[in-house]
Amino acid sequence: MADRLFRSDRAGGDRPLPKIDATVAHIARVYDYWLGGKDNFAADRAVGDKVLEIHPETVLSVRANRAFLARSVRHLAMTEGIRQFLDIGTGLPSANNTHEVAQAAVPEARVMYVDNDPIVLAHARALLTSCPSGATAYLDADIRDTDTILAGARQVLDLSRPVAVMLVAVLHMLRDDEDPRGIVSRLMSAVPPGSFLVISHLASDVQPETMAEMGRRLNESMTQQFTMRSRAEVTSFFDGLRLLDPGVVLTHEWRQDSPQDSANPGVLWAGVARKP
Ligand SMILES: C[S@@+](CC[C@H](N)C(=O)[O-])C[C@H]1O[C@@H](n2cnc3c(N)ncnc32)[C@H](O)[C@@H]1O
C-alpha cells in the first residue's frame, strides 16, 4: 500500500515510472481526447474517432459529465457541509478537478483520488496540489479492491465523519458479474450517516441503438469493457440512500447553474444521494 499511496501533505514517496503501452487504447486517454486534452496516443484517438463517427455529440456529453462533477462537488461542499471526498475512477487531470472545485469552496477539504490506470498514476502530481489547510492523495488501486481503497482512505480521511463517495463515469466499466452493486454497498457501508454517493453512468435507454453501437465499438477495441445501464438500473445503485432532487436525470439536467449546462446534452444518468 505504502508504495501506491501518494500524499500532498507528506514528503517522499516518489512515484515509480509506470509502464505505459501506447499501442493499446485506454479509456482515461480516450476521454482526455474527447475533452480536447493532449495526454493521448494514436490508438486512443482511433477508438475515440470510431465513437465520434456514430455519435459526434460525445464531445458535448463528456463536457456535460465534467460539469456535473463540478456542480455536485460544489453543492456538497457549499450546501451539504461535506469536507471529504473519495473520488474513484479519477481520470487524467483536467480542468476543475475534484480538489480544485472543493477547495475553492472550502480550502480545508480533503480529497483522495483512486484510479487503476498507469497513465493516470504518471500524471498524479497535478492532483497533489492541495491548499495548505486541506490535503489531497492519490491511490493506485482498482475499484474492485474495496479493502485496499478503504484502508488507503483511512490514512487520509476521517471515516467517522461524512464523506462524498464519487463514482463519476466509472461504474459502467464494471460488468454485472463484477458485482458493481456489492462494490457500491461496501463503500457506502464504510462511511457514516450524512455521507453522500455521487454517480454518473452511461445510459442504455437514451438513443438506445446508438448507445448499443457505441458499446460495441468501444468493447471491440479495448480490453476495458463497457456495460451501459438503464435509468432504473442506475437508480438501484442508490438503494437505501435518499436521492437529492431532481433524482436520477441526465448529467446536464442535474441542478443546472449556467446556460452552458443545457448546451451540452449528456448521455449519462446522474444522481446524488445522502446516506440516512
Ligand atoms: C471516463 S474516466 C472518468 C474520469 C472522471 N471521473 C470524470 O468523470 O471526469 C473513467 C476512469 O475510470 C478509471 N477506471 C476504469 N476502470 C477502473 C477500475 N476497475 N478501477 C479504478 N479505476 C478505473 C479509468 O482509468 C478512467 O480514468
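This is a predicted model: local features need pLDDT of at least 70, side-chain atom pairs count only at pLDDT 80 or more; totals for chains, interfaces and linings use all residues.
Two helices, H1 (27–34) and H3 (58–78), are the elements that give two or more residues to the shell around the ligand. Of the elements, H1 gives the most, with 3 residues.

A look at the shell itself comes next. In total, 19 residues surround the ligand, and the closest are Tyr 31, Asn 65, Gly 89, Asp 115 and Val 168.

For Gly 89, a polar backbone atom is found 2.6 Å from a nitrogen atom of the ligand. Val 168 likewise contributes through its backbone, with an N or O atom 2.8 Å from a ligand nitrogen. Asn 116 takes part through its side chain, where a polar atom lies 3.3 Å from a nitrogen atom of the ligand. The protein buries 97% of the 600 Å² that the ligand exposes when taken alone.

Turning to the chain as a whole, the fold comprises 10 helices and 9 strands. Along the principal axes, the C-alpha atoms fill a box of roughly 45 × 45 × 40 Å. The radius of gyration is 17 Å, which agrees with a compact globule, because a chain of 276 residues folded in that way would have a value near 19 Å.

Terms used: Residues are numbered from 1 along each chain as its sequence is written. Side-chain values use heavy atoms; hydrogens and water are left out. A residue is near a molecule or strand if one of its heavy atoms lies within 4 Å of it. A polar contact is a pair of N or O atoms within 3.5 Å; within protein, one must be able to donate a hydrogen and the other to accept it, and residues adjacent in sequence count only if both atoms are side-chain atoms. Accessible areas come from the Shrake-Rupley method with a 1.4 Å probe; for residues, only the protein chains shown count as cover. Helices (H or I, at least four residues) and strands (E, at least two) are DSSP runs, numbered from the N terminus. The radius of gyration is taken over C-alpha atoms; the globule rule is 2.2 Å times the number of residues to the power 0.38.
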